[in-house]
Amino acid sequence: MTNVLLEEVLIGAIANNLDGLRHVAVGAASPIPGAAALLARSRSNGTMRVSVLGSEDNNFFTDGGKEIFDVAGQGRMDAFFLSGAQIDGKANVNLVAVGDYAQPKARFPGSFGSGYLYFVVPRVILFRLEHTPRTLVEEVDFISAPGFSDDNVYRPGGPYKLITDRCLFDVDKERRCFRLESVHPGHTVEEIHIQTGFKFDLPDGEVPVTPVPDAASLATIRGEVAKEISEIYPAFAARVFGVGKAA
Amino acid sequence: MLATQLSVDDLVSCIPDGAKIALPPDYSYCALAAVRALIRRGARDLHIVGVPTFGFQGDMLIGAGCVATVETSAVTLSEHGLAPRFTKAIKEASIKMMDATCPAVHAALQASEKGIPFIPLRGLVGSDILANRSDWKVGNNPFAESDDPIVYLPALRPDVALIHAPLADKFGNVWIGVRRELMLMAHASAETYVTAEKIVDYNLMGDLKTKAGTIPGLYVSAIAEAENGAWPLGIPDGYGADHPHLAKYAADARSDQGFQRYMEQFVFGSAAQAAE
């Protein structure tokens, strides 16, 4: 992958899972999902809306903090991104604490909207840039939002993919587990086994390499998307694309 | 007529120890001058509610020993990292923590706004958020023909909403523009205390363009004028956040001594008070 950055591979791989959607929402401090959403929007001929939570200039909501959740609850949000201090093999997400909840070893900011959005947004893409046995664990210490629910629980939403700095996992909703979909250029299946704390399925045959964005998408990423993302995440755009002059 | 000639210190003297106080997130209009005044008056045993999260202001209150209970979906200094005093208090189990998820805070406030005892919310079933909230219950959708578990949240009625605003008038009306979570907080809380960049003599209800984004004085208990009252946070369309200062806080607050030094310099110091 001469001259294609990991960030660009991730942006392209995520965008491929967003094409055709009407409304994609991105949480605060998520530059790569944000750039992927902008790439998908650019390819949508004006049919996709993207909203960035916590950004004054890049969301179109006018009814206060609750509106984004009401929008999601009604089914007007097609895709969202969640991360986690820990993500486990059953797609449970932990944004709260490591160790005993009452007196934890590590405490993180909190669950934000995950305890709701994971249930109601059809395509929740899990995104974690540190792919190690510390973050991708067998069982999370605290469930901010469960990956799967009993059949009687209202659950139009849930996990759709898990993407890391090493690979892309698909979600098997029947077996309630992850299946390795592709390994990013320069990484190996053996390495994924070593660096993943949970068991996962393998595809039939050889594991594909995550495709790099095609020339047109790469040009969009480096042009239009880089410029737009620099207004939201100036430090990221400066570091990755050399765009703008970040503080 | 409503008291609009109060100082910020007078305003916070209306907030008793033990009060349940709703606070907006850092990207909304936060009354930081009032928070500093609360710390100066030595407030104790507060129950602070993030709507739906809080940042810098809550971390300062926790560090200063003003807080007994925290109810929120998250505590974050966003790009400045974890909230250090909150993190320390949790690790030492020195505050009671009520973890939530954002729409649960909003919905529970909406129940209070409507004067109803509870409100149902989707999601949450099977989470440890729910497992650790003994005040929330799982019921069944009474309209469903089969089993349909749904979470019931009791109405959340804060004693106080403490907010900042760009503009208020002498009739008690408070303009918050598009930041309508502040409207919800005012509707849902028993009392609303406001600091405003400017208090004007004309009626904000007189122009439909401002009326649309205005909290009616009906909900407002007192207003104090506080220019730059959100500092070191910013206000949308006004002044930006003072990021070098926020970064300094985030660094200082990592140690007990650093936090004390920050408090002395920016909260208790005579120069700090004179600047309010």
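Is Tyr152(B) buried, partly exposed or exposed, and at what relative accessibility? In this predicted model, Tyr152(B) has a relative accessibility of 21% and therefore counts as partly exposed. The cut-off for a buried residue is under 20%.

The structure holds 13 aromatic pairs over all chains. Tyr152(B) and Phe118(B) form one that is tilted. The ring centres are 5.1 Å apart, and the planes make an angle of 45 degrees. Phe118(B) belongs to strand E5 (residues 118-121) of chain B and Tyr152(B) to strand E7 (residues 149-154) of chain B, so the pair ties together parts 34 residues apart in sequence. Phe118(B) is also partly exposed, at 40% relative accessibility.

The rings of Tyr249(B) and Tyr262(B) also pair. Their planes stand at 80 degrees with centres 5.0 Å apart, so this pair is edge-to-face. Tyr249(B) lies in helix H9 (residues 243-252) of chain B and Tyr262(B) in helix H10 (residues 256-268) of chain B; the pair therefore ties together parts 13 residues apart in sequence. Tyr249(B) is buried, with a relative accessible area of 0%. Tyr262(B) is buried as well, at 2%. Both tyrosines belong to one aromatic cluster, together with Phe56(B), Trp231(B), Phe259(B) and Phe266(B).

Helix H7 (residues 181-188) of chain B is largely enclosed by the rest of the structure, because seven of its eight residues are buried. These are Glu181(B), Leu182(B), Met183(B), Leu184(B), Met185(B), Ala186(B) and Ala188(B). Their packing partners in chain B are strands E1 (20-23), E8 (160-165), E11 (191-196) and E13 (214-215), along with helix H5 (102-114).

Chain B also meets chain A. The contact involves 38 residues of chain B and 34 residues of chain A. The size of an interface is often given as the accessible area lost when the parts come together. Here the area buried between chain B and chain A is about 3000 Å². Carbon and sulfur atoms give 61% of that area.

Two salt bridges are counted between chain B and chain A. One salt bridge joins the side chains of Asp99(B) and Arg107(A), at 2.8 Å from N to O. On the side of chain B that touches chain A, helix H4 (84-91), strand E4 (96-99), H5 and helix H6 (128-131) each supply at least two residues. By class, that side has 17 nonpolar, 11 polar and 10 charged residues.

Notes
Residues are numbered from 1 along each chain as its sequence is written. Chains are lettered from A and ligands numbered from 1 in the order in which they are written. This is a predicted model: local features need pLDDT of at least 70, side-chain atom pairs count only at pLDDT 80 or more; totals for chains, interfaces and linings use all residues. Side-chain values use heavy atoms; hydrogens and water are left out. Buried means under 20% relative accessible area, exposed over 50%, partly exposed in between (1.4 Å probe, protein chains only). Helices (H or I, at least four residues) and strands (E, at least two) are DSSP runs, numbered from the N terminus. Contact means heavy atoms within 4.5 Å. Buried area is the accessible area (1.4 Å probe) that two parts lose on being put together, summed over both. A salt bridge is a side-chain nitrogen of Lys or Arg within 4 Å of a carboxyl oxygen of Asp or Glu. Ala, Val, Leu, Ile, Met, Phe, Trp, Tyr, Cys and Pro count as nonpolar, Asp, Glu, Lys and Arg as charged, and the others, Gly among them, as polar. Rings of Phe, Tyr and Trp (its six-membered ring) pair if their centres lie within 6.5 Å; planes under 30 degrees apart count as stacked, over 60 as edge-to-face and the rest as tilted.
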